[in-house]
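The sequence and structure come before the discussion.

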There are 2 protein chains.
Amino acid sequence: MHQPDDRPADQVFTALADPTRRRLLDQLSAQGPLSATDLATGYPVSRQAVVKHLGALSAAGLLRSERHGREVLYGVVPERLDEATAWLADVGARWDHRLRALADHLRDDPDPGAGTS
Amino acid sequence: MHQPDDRPADQVFTALADPTRRRLLDQLSAQGPLSATDLATGYPVSRQAVVKHLGALSAAGLLRSERHGREVLYGVVPERLDEATAWLADVGARWDHRLRALADHLRDDPDPGAGTS
DNA sequence: GCTATTTGCAACTCCATGGTTGCACATTCT
DNA sequence: AGAATGTGCAACCATGGAGTTGCAAATAGC
């Protein structure tokens, strides 16, 4: 009864939570589609570690892999990021709205239940 | 060496990555400042677990605790969420821009080194 | 066909993190 | 003062995730 879109959000935020993954995303968007082996050269971790991160990002829908011959190129899927941004903005707006409502309520009824003792 | 604002983002995204924490944030914004004990009654975990999550959220700057007598009330700090939203939107925009630049480049120089077969 | 390069498992280690419990400390109320 | 209630701390456990290594399978180039 909270957010039906919480599952994809979970995926995305989990993916975004890892700094290596964010950096991967960043580099990928900066330098276009690259292979895992290619990417791995710029990171302090093994190629396999990068592959795992790429997998996580793909699972979150933030990347798409495309096979070219014996290479697999990973590219950014901007729409997903856009969705995540929209979700975050929505939550923020909801909070803001509720806080405003709370402030309004407090202005109308300053200290409910505090004069009972 | 990439983004100087990556540290706070790391905190925020790490905090947001946990579903319990997101729910906590949600409830807190919906029902105003509440104590850890109060919050814990609505969750399948112990009060201490909730306290830890609250601590993580506070560390990320998403919550602020305020002591009232023997109770500690936790309240949402919307600005931080706003910052996170802005950051995400910024990253998204940057990606979009780079993709556009890439598309433009490809239009000018369609397929460098790939037309050999 | 052989070799080099690259991807794709799979097994394994390590540690950060979510969760628990128990107890001490503080505060309020009678 | 003493009972209740609530917070804080610390030890502890278990799981998951990040990372590694080794090797097999596929593909490209000679």
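Of the atoms of DNA strand C within 4 Å of the protein, what percentage belong to sugar or phosphate? In this predicted model, sugar or phosphate accounts for 54% of those atoms, and bases make up the rest.

## Surface near DNA strand C

There are 20 residues around DNA strand C, and those that come nearest are Thr37(A), Gln48(A), Arg21(B), Lys52(B) and His53(B). By class, the residues of this surface are five nonpolar, eight polar and seven charged.

## Polar contacts and contributing elements

The side chain of Arg70(A) places an N or O atom 3.2 Å from a base oxygen of DNA strand C. Ser46(B) instead has a polar side-chain atom 2.6 Å from a phosphate oxygen of DNA strand C.

Two or more residues each are given to the surface by α3 (36-40) and α4 (47-59) of chain A, and by α2 (19-31) and α4 (47-59) of chain B. The most come from α4(B), which gives four residues.

## The sheet of chain B

Chain B has an open sheet of three strands, ordered β1-β3-β2, with antiparallel pairing. The edge strands β1 (34-35) and β2 (63-68) each have a single partner strand, so one side of each lacks a neighbour in the sheet.

Strand β3 (residues 71-76) is joined to β2(B) by six bridges. Within this sheet, Arg67(B) has Val72(B) in β3(B) as its bridge partner. Helix α2(B) lies across β1, β2 and β3 of chain B, at about 95 degrees to β3(B).

Methods: Residues numbered from 1 in each chain as written. Chains lettered and ligands numbered in written order. Predicted model: local features only at pLDDT ≥ 70, side-chain atom pairs only at ≥ 80, totals over all residues. Heavy atoms only, no water. Near = heavy atom within 4 Å. Polar contact = N/O pair within 3.5 Å; in protein donor to acceptor, adjacent residues only side chain to side chain. Nonpolar A, V, L, I, M, F, W, Y, C, P; charged D, E, K, R; others polar. Pairing = 2+ DSSP bridges. Contact = heavy atoms within 4.5 Å. Axes fitted to C-alpha atoms, helices over the stretch in contact; angles between N-to-C directions.
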